[in-house]
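Dear colleague,

Please find below the structure I am handing over to you. My notes on what was found in it follow directly after.

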Amino acid sequence: MEFEPRDQFEQRQKKLEQIQALGHEAFPREFRWTESPAELLKDYAAVQGPELEANRKEVRVAGRIVSYRLMGKAGFAHLQGGGKRIQIYVKKDVVGEKGFQLFHLLDLGDHIGVRGHLFRTRTGELTIWVDELFFLAKALLPLPEKWHGLADIELRYRQRYLDLIVSEKSREVYQTRARIIRELRQFFDGRGYIEVETPMMHPIAGGATARPFITHHNTLDIDLYLRIAPELYLKRLTVGGFDRVYEINRNFRNEGISTQHNPEFTMLEFYQAYSNYRDLMDLNEQLFAQLAQSITGSTVVRYGEHELDFGKFTRLTMREAIVQYWPSGAGAAPALGELAAPGGAQRAAERYNVWAKANHAEYAAAKGHLSDGEWTGRLFETIAEDKLIQPTILYDFPTDISPLSKQKPEDPALAERFEIFAAGMEIANGFSELNDPAEQERRFAAQIAHGGDEAPKQLDVDYLRALCHGMPPTAGEGIGIDRLTMLLTDSHSIRDVILFPLLRPEAKPEDQAAAEGEKE
RNA sequence: AGGGGCGUAGCUCAGUGGUAGAGCAGCGGCCUUUUAAGCCGAAGGUCGUGGGUUCGAUCCCCACCGCCCCUACCA
């Protein structure tokens, strides 16, 4: 197999043969190193040249060649490792005829090891004075341009490895992502939670309203759904006596792709017995403040033009948010009581839509008949959702759109549910878990009767049976890790925090020709 | 799915209705402390794909492919 650019591919292959002819293995098996380039730069940042000469520091270092300057009988290069670059200096009369021949045959992108000692050049750069070169692996294809890097966004996603080699910023995003997940584990482990892994292939897609992916198991000859949420399995575990349980893993939803949506995304879900949704709200305030502090060094986090303060959350009910963000041109905002009255949310939506039409704003549109709660949710999404820039806990959701939440005792039309918004994005969703099996069965049945792609097709009888064995009063929550990472790394597309986001497969030229003339 | 934008050398980008340009990378030469090393020389392209208009299309028109942004669905 050969790849573009073919001339360079062949050129480098020839060099590899010449390197072998010098007596080097083409693909050696190991190199014992003493420090990484990143470690050396960090540890010797303050050590000056004379001191390096007085106390000679012998090193063995491996890395990828990312710059190369040959000047007759000597040359410089930079070795990249651990995301950082250290310079090496190779002199013909030090490494010898054969060593220098090897240096000649190296290309940008090759992996090498060096043995030598540290010094500083005239300009003061920490550099390895190379006594011996080791060939470690050949790059048969060239690196992206050294100055501008990989500007083509598509290539950054498709060939993430190149992005990671060339962009320290990109590398840092994924390191931060790993730190966030580590912090989350620490946070929950420290509070007596147990981490579990529940199935990702479900016979019934449940735990959320979303369109699932379908797959097939050959031996059992059954269709399975890639999970849209782990919720119903985690709650079975609270029935089983894991009073505090969490899972960090992928969900799959067969829906749109955007800067905020990838078909597979990572979710933290956790459940805490003997607690309600208010307990979780308090827990979240601690969690987000602590995370922001440890990840970014401050509870105030810059996100684009905004400064998000995770040290203080606003709390709003859904109806309060509608009233608060009601556009001033659309007449008087509805009163809270009006929104709560039967038909009130729909009347408010109709009033809003008159204004929206005249002002080319987004409508609170409805397909078919909506219940009061659905209208309230729709109105919130249209009017308020993208205005919630500062971290906000939105609570008191309509029961109609919360099929797995407990109702408020004083108002069964409202559920003990909240969501967390920041930068206009939903990043978490939590509630007091419905543990009354009869009520849960009614809600499931209503969902199935409601129909649509996103509703379950089948009653999850096993889950209802689990509830019948008694689930303790429990509060549970899901946090979107990808979006959380976006917030804490100032990334504005979910594809910038997912290493390999889903893209359409590259079309081969033949396929493109075959697609000619075909129409949708 | 609808609207807008983009696609030119391996990479980063100019450009024009009349045979295609630069920098970096690569190739040959000079150069033993360089820093986006420098100097000299040569090479590299179905201008995303396919049609159309035209004497002539990389450029204008249409369709298709891919990516980005917005809207819709959604977390």
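Gly331 sits in the loop that links helix H10 (318–324) with helix H11 (336–340); helices (H or I, at least four residues) and strands (E, at least two) are DSSP runs, numbered from the N terminus. In this predicted model, local features need pLDDT of at least 70 and side-chain atom pairs count only at pLDDT 80 or more, while totals for chains, interfaces and linings use all residues. Residues are numbered from 1 along each chain as its sequence is written, chains are lettered from A and ligands numbered from 1 in the order in which they are written, and side-chain values use heavy atoms, with hydrogens and water left out.

Gly331 has a relative accessible area of 39%, which makes it partly exposed (buried is under 20%, exposed over 50%, partly exposed in between; 1.4 Å probe, protein chains only). Not counting residues up to four places away in sequence, Gly331 touches Trp326 and Arg351 (heavy atoms within 4.5 Å). Its C-alpha atom is separated by 8.5 Å from that of Tyr352, 21 residues apart along the chain.

Strands E4 (residues 111–120) and E5 (residues 126–137) run antiparallel, joined by 10 bridges.

With kind regards

How values were computed. Pairing = 2+ DSSP bridges.
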